[in-house]
Amino acid sequence: MSNESDAADAGAVDDAGRPDGEVPGSRGRTEHEGHEPAVAPSGFELGTDGPKVILAGLDGSDSSWRATAYAAGLARRQGALLAVAYIQPILGAATALAGAAVEETTQEIADELLAALREAEHRMREVWRVRWRFLTMRGDPYTGLAKLADELRADAVVVGVSEQAGHKVIGSVAVRLVKAGRWPVTVVP
(Lines give C-alpha, C1' and ligand atoms only; values in the text may rest on other atoms or scores of the structure.)
Protein backbone atom coordinates (compact mmCIF):
# COMPACT_ATOMS: atom_id res chain seq x y z
CA MET A 1 0.00 0.00 0.00
CA SER A 2 1.37 3.43 -0.85
CA ASN A 3 1.75 6.30 1.60
CA GLU A 4 -0.90 8.29 -0.27
CA SER A 5 -3.58 5.66 0.36
CA ASP A 6 -2.46 5.32 3.98
CA ALA A 7 -2.90 9.06 4.48
CA ALA A 8 -6.31 9.03 2.78
CA ASP A 9 -7.48 6.08 4.86
CA ALA A 10 -6.29 7.63 8.12
CA GLY A 11 -9.20 10.07 8.20
CA ALA A 12 -11.91 7.56 7.21
CA VAL A 13 -14.81 6.93 9.59
CA ASP A 14 -17.48 4.27 9.61
CA ASP A 15 -21.27 4.75 9.72
CA ALA A 16 -21.21 5.12 13.53
CA GLY A 17 -18.65 7.97 13.35
CA ARG A 18 -15.79 5.82 14.67
CA PRO A 19 -12.43 5.94 12.95
CA ASP A 20 -12.36 3.17 10.34
CA GLY A 21 -11.23 -0.13 11.91
CA GLU A 22 -11.96 0.94 15.50
CA VAL A 23 -13.43 -1.84 17.57
CA PRO A 24 -16.57 -0.78 19.54
CA GLY A 25 -15.81 -0.48 23.27
CA SER A 26 -12.06 -0.43 22.68
CA ARG A 27 -11.50 3.27 23.54
CA GLY A 28 -9.99 4.28 20.22
CA ARG A 29 -7.94 1.12 19.72
CA THR A 30 -8.25 -0.31 16.21
CA GLU A 31 -8.65 -3.99 15.43
CA HIS A 32 -5.11 -4.04 14.05
CA GLU A 33 -3.32 -2.79 17.17
CA GLY A 34 -2.13 -5.36 19.67
CA HIS A 35 -3.38 -8.36 17.67
CA GLU A 36 -1.51 -10.90 15.66
CA PRO A 37 -2.41 -10.97 11.98
CA ALA A 38 -4.82 -13.73 10.99
CA VAL A 39 -3.01 -16.85 9.89
CA ALA A 40 -4.57 -19.74 7.99
CA PRO A 41 -4.83 -22.87 10.12
CA SER A 42 -2.23 -25.51 9.43
CA GLY A 43 -3.22 -28.91 8.15
CA PHE A 44 -5.13 -30.27 5.22
CA GLU A 45 -7.41 -28.05 3.17
CA LEU A 46 -8.65 -28.72 -0.34
CA GLY A 47 -8.52 -25.06 -1.27
CA THR A 48 -11.91 -25.01 -2.94
CA ASP A 49 -15.32 -23.61 -2.15
CA GLY A 50 -17.98 -26.24 -1.74
CA PRO A 51 -17.67 -29.99 -1.63
CA LYS A 52 -15.86 -31.87 -4.38
CA VAL A 53 -16.72 -35.42 -3.26
CA ILE A 54 -19.86 -36.56 -1.45
CA LEU A 55 -19.89 -40.16 -0.23
CA ALA A 56 -23.23 -41.95 0.16
CA GLY A 57 -23.60 -45.32 1.86
CA LEU A 58 -26.04 -47.65 0.09
CA ASP A 59 -27.11 -51.05 1.37
CA GLY A 60 -30.44 -51.45 -0.41
CA SER A 61 -32.63 -50.34 2.50
CA ASP A 62 -35.25 -47.65 1.94
CA SER A 63 -33.39 -45.15 4.12
CA SER A 64 -30.12 -45.76 2.26
CA TRP A 65 -31.88 -45.13 -1.07
CA ARG A 66 -33.28 -41.88 0.33
CA ALA A 67 -29.79 -40.94 1.55
CA THR A 68 -28.34 -41.67 -1.88
CA ALA A 69 -31.02 -39.53 -3.55
CA TYR A 70 -30.34 -36.70 -1.08
CA ALA A 71 -26.58 -36.98 -1.70
CA ALA A 72 -27.20 -36.97 -5.47
CA GLY A 73 -29.11 -33.70 -5.14
CA LEU A 74 -26.30 -32.18 -3.11
CA ALA A 75 -23.71 -33.37 -5.62
CA ARG A 76 -25.72 -32.01 -8.54
CA ARG A 77 -26.19 -28.56 -6.98
CA GLN A 78 -22.55 -28.33 -5.87
CA GLY A 79 -21.01 -29.83 -9.01
CA ALA A 80 -19.41 -32.51 -6.83
CA LEU A 81 -18.63 -36.14 -7.55
CA LEU A 82 -21.12 -38.53 -5.95
CA ALA A 83 -19.41 -41.68 -4.67
CA VAL A 84 -21.95 -44.38 -3.83
CA ALA A 85 -20.55 -47.17 -1.67
CA TYR A 86 -21.90 -50.60 -0.84
CA ILE A 87 -19.88 -52.36 1.85
CA GLN A 88 -20.34 -56.11 1.48
CA PRO A 89 -20.68 -57.65 4.94
CA ILE A 90 -17.88 -59.91 6.09
CA LEU A 91 -18.52 -63.47 7.10
CA GLY A 92 -19.33 -64.17 10.71
CA ALA A 93 -18.29 -67.38 12.45
CA ALA A 94 -21.78 -68.85 11.97
CA THR A 95 -21.67 -68.39 8.21
CA ALA A 96 -18.04 -69.37 7.66
CA LEU A 97 -19.05 -72.80 6.38
CA ALA A 98 -21.26 -71.26 3.71
CA GLY A 99 -18.52 -68.76 2.81
CA ALA A 100 -18.58 -69.04 -0.99
CA ALA A 101 -22.38 -68.83 -1.15
CA VAL A 102 -22.48 -65.74 1.10
CA GLU A 103 -19.70 -64.01 -0.87
CA GLU A 104 -21.53 -64.74 -4.11
CA THR A 105 -24.77 -63.36 -2.64
CA THR A 106 -23.14 -60.12 -1.47
CA GLN A 107 -21.59 -59.66 -4.92
CA GLU A 108 -25.02 -60.21 -6.48
CA ILE A 109 -26.44 -57.52 -4.19
CA ALA A 110 -23.65 -55.14 -5.29
CA ASP A 111 -24.44 -55.89 -8.94
CA GLU A 112 -28.18 -55.29 -8.36
CA LEU A 113 -27.49 -51.96 -6.62
CA LEU A 114 -25.24 -50.85 -9.48
CA ALA A 115 -27.89 -51.83 -12.05
CA ALA A 116 -30.55 -49.88 -10.11
CA LEU A 117 -28.29 -46.80 -9.97
CA ARG A 118 -27.66 -46.99 -13.72
CA GLU A 119 -31.38 -47.32 -14.37
CA ALA A 120 -32.13 -44.29 -12.16
CA GLU A 121 -29.45 -42.28 -13.95
CA HIS A 122 -30.94 -43.23 -17.33
CA ARG A 123 -34.45 -42.16 -16.19
CA MET A 124 -33.23 -38.82 -14.88
CA ARG A 125 -30.64 -38.07 -17.59
CA GLU A 126 -32.85 -35.48 -19.34
CA VAL A 127 -33.75 -33.73 -16.06
CA TRP A 128 -30.33 -33.48 -14.43
CA ARG A 129 -26.89 -34.99 -14.55
CA VAL A 130 -24.51 -35.83 -11.77
CA ARG A 131 -21.03 -37.30 -11.96
CA TRP A 132 -21.00 -40.50 -9.92
CA ARG A 133 -19.14 -43.70 -9.32
CA PHE A 134 -20.06 -46.90 -7.53
CA LEU A 135 -17.63 -48.47 -5.09
CA THR A 136 -17.88 -51.74 -3.27
CA MET A 137 -15.65 -53.60 -0.88
CA ARG A 138 -15.92 -56.28 1.77
CA GLY A 139 -15.83 -55.42 5.44
CA ASP A 140 -17.60 -53.80 8.34
CA PRO A 141 -19.86 -50.98 7.04
CA TYR A 142 -18.43 -48.33 9.39
CA THR A 143 -14.81 -49.27 8.70
CA GLY A 144 -15.42 -49.49 4.95
CA LEU A 145 -17.18 -46.13 4.72
CA ALA A 146 -14.53 -44.48 6.89
CA LYS A 147 -11.74 -45.92 4.75
CA LEU A 148 -13.41 -44.79 1.52
CA ALA A 149 -14.16 -41.33 2.92
CA ASP A 150 -10.48 -40.93 3.81
CA GLU A 151 -9.21 -42.33 0.49
CA LEU A 152 -11.55 -40.14 -1.55
CA ARG A 153 -10.96 -37.15 0.72
CA ALA A 154 -14.73 -36.87 0.96
CA ASP A 155 -16.11 -33.51 1.96
CA ALA A 156 -19.32 -35.06 3.28
CA VAL A 157 -20.77 -38.47 4.11
CA VAL A 158 -24.49 -39.18 3.74
CA VAL A 159 -26.09 -42.32 5.17
CA GLY A 160 -29.57 -43.52 5.98
CA VAL A 161 -30.79 -44.05 9.50
CA SER A 162 -30.42 -47.63 10.69
CA GLU A 163 -33.51 -49.77 10.26
CA GLN A 164 -32.27 -52.48 12.62
CA ALA A 165 -33.58 -52.51 16.19
CA GLY A 166 -30.29 -53.68 17.72
CA HIS A 167 -28.47 -50.59 16.49
CA LYS A 168 -30.43 -48.44 18.94
CA VAL A 169 -28.47 -50.15 21.72
CA ILE A 170 -25.00 -50.87 20.29
CA GLY A 171 -24.78 -47.93 17.88
CA SER A 172 -25.47 -47.66 14.19
CA VAL A 173 -23.03 -46.94 11.39
CA ALA A 174 -24.39 -43.37 11.27
CA VAL A 175 -23.75 -42.78 14.98
CA ARG A 176 -20.23 -44.19 14.69
CA LEU A 177 -19.47 -41.95 11.69
CA VAL A 178 -20.75 -38.87 13.53
CA LYS A 179 -18.74 -39.76 16.66
CA ALA A 180 -15.58 -40.18 14.57
CA GLY A 181 -15.81 -36.43 13.85
CA ARG A 182 -13.68 -36.64 10.70
CA TRP A 183 -16.26 -35.53 8.11
CA PRO A 184 -19.58 -33.73 8.09
CA VAL A 185 -22.16 -36.52 8.27
CA THR A 186 -25.79 -36.22 7.23
CA VAL A 187 -28.18 -38.92 8.44
CA VAL A 188 -31.31 -39.20 6.30
CA PRO A 189 -34.46 -40.76 7.86
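This is a predicted model: local features need pLDDT of at least 70, side-chain atom pairs count only at pLDDT 80 or more; totals for chains, interfaces and linings use all residues.
The average pLDDT for the protein is 76, and 63% of the residues reach at least 70.

**Helix α2**

Let's start with α2, which covers residues 62-78 and so counts 17 residues. From first C-alpha to last it reaches 24 Å, close to the 24 Å expected at 1.5 Å a residue. Which of its residues are buried? The answer is Ser63, Ser64, Ala67, Thr68, Ala71, Ala72, Gly73 and Ala75. In an α-helix there are 3.6 residues a turn, so positions three or four apart point the same way. Just after α2 comes Gly79, with a positive phi of about 70 degrees.

**The second largest pocket**

One of those buried α2 residues, Ala72, turns up again in the second largest pocket, where Ala72, Leu117, Ala120, Glu121 and Trp128 are the lining residues nearest the centre. This pocket has a volume of about 310 Å³, and its lining is made of 15 residues. Which element gives the largest share? That would be α3, with five residues. Sorted by class, the lining has eleven nonpolar residues, three charged ones and one polar one.

**Two residues further along**

Ala180 and Arg153 are worth a look of their own. Ala180 belongs to helix α6 (residues 173-180). Its C-alpha lies 8.9 Å from that of Ala146, although 34 residues separate the pair along the chain. Arg153 sits in the loop between α4 (141-152) and β4 (156-160). Despite not being a glycine, Arg153 has a positive phi, about 55 degrees.

| Residue | Relative accessibility | Class |
|---|---|---|
| Ala180 | 26% | partly exposed |
| Arg153 | 46% | partly exposed |

The cut-offs explain the labels: buried means under 20% and exposed means over 50%, with partly exposed in between. Ala180 therefore counts as partly exposed, at 26%, and Arg153 gets that label because its value is 46%.

Definitions and conventions. Residues are numbered from 1 along each chain as its sequence is written. Side-chain values use heavy atoms; hydrogens and water are left out. Helices (H or I, at least four residues) and strands (E, at least two) are DSSP runs, numbered from the N terminus. The expected span of a helix is 1.5 Å times one less than its number of residues. Buried means under 20% relative accessible area, exposed over 50%, partly exposed in between (1.4 Å probe, protein chains only). On a 1 Å grid over the protein atoms alone, a cavity is a set of points where a 1.4 Å probe fits but cannot get out, and a pocket is an open set with protein on both sides within 12 Å along at least five of seven lines; lining residues have an atom within 4 Å of a point. Grid points are joined across faces, edges and corners, and a volume is the space filled by probe spheres set on the points. Ala, Val, Leu, Ile, Met, Phe, Trp, Tyr, Cys and Pro count as nonpolar, Asp, Glu, Lys and Arg as charged, and the others, Gly among them, as polar. pLDDT is the predictor's confidence in each residue, from 0 to 100.
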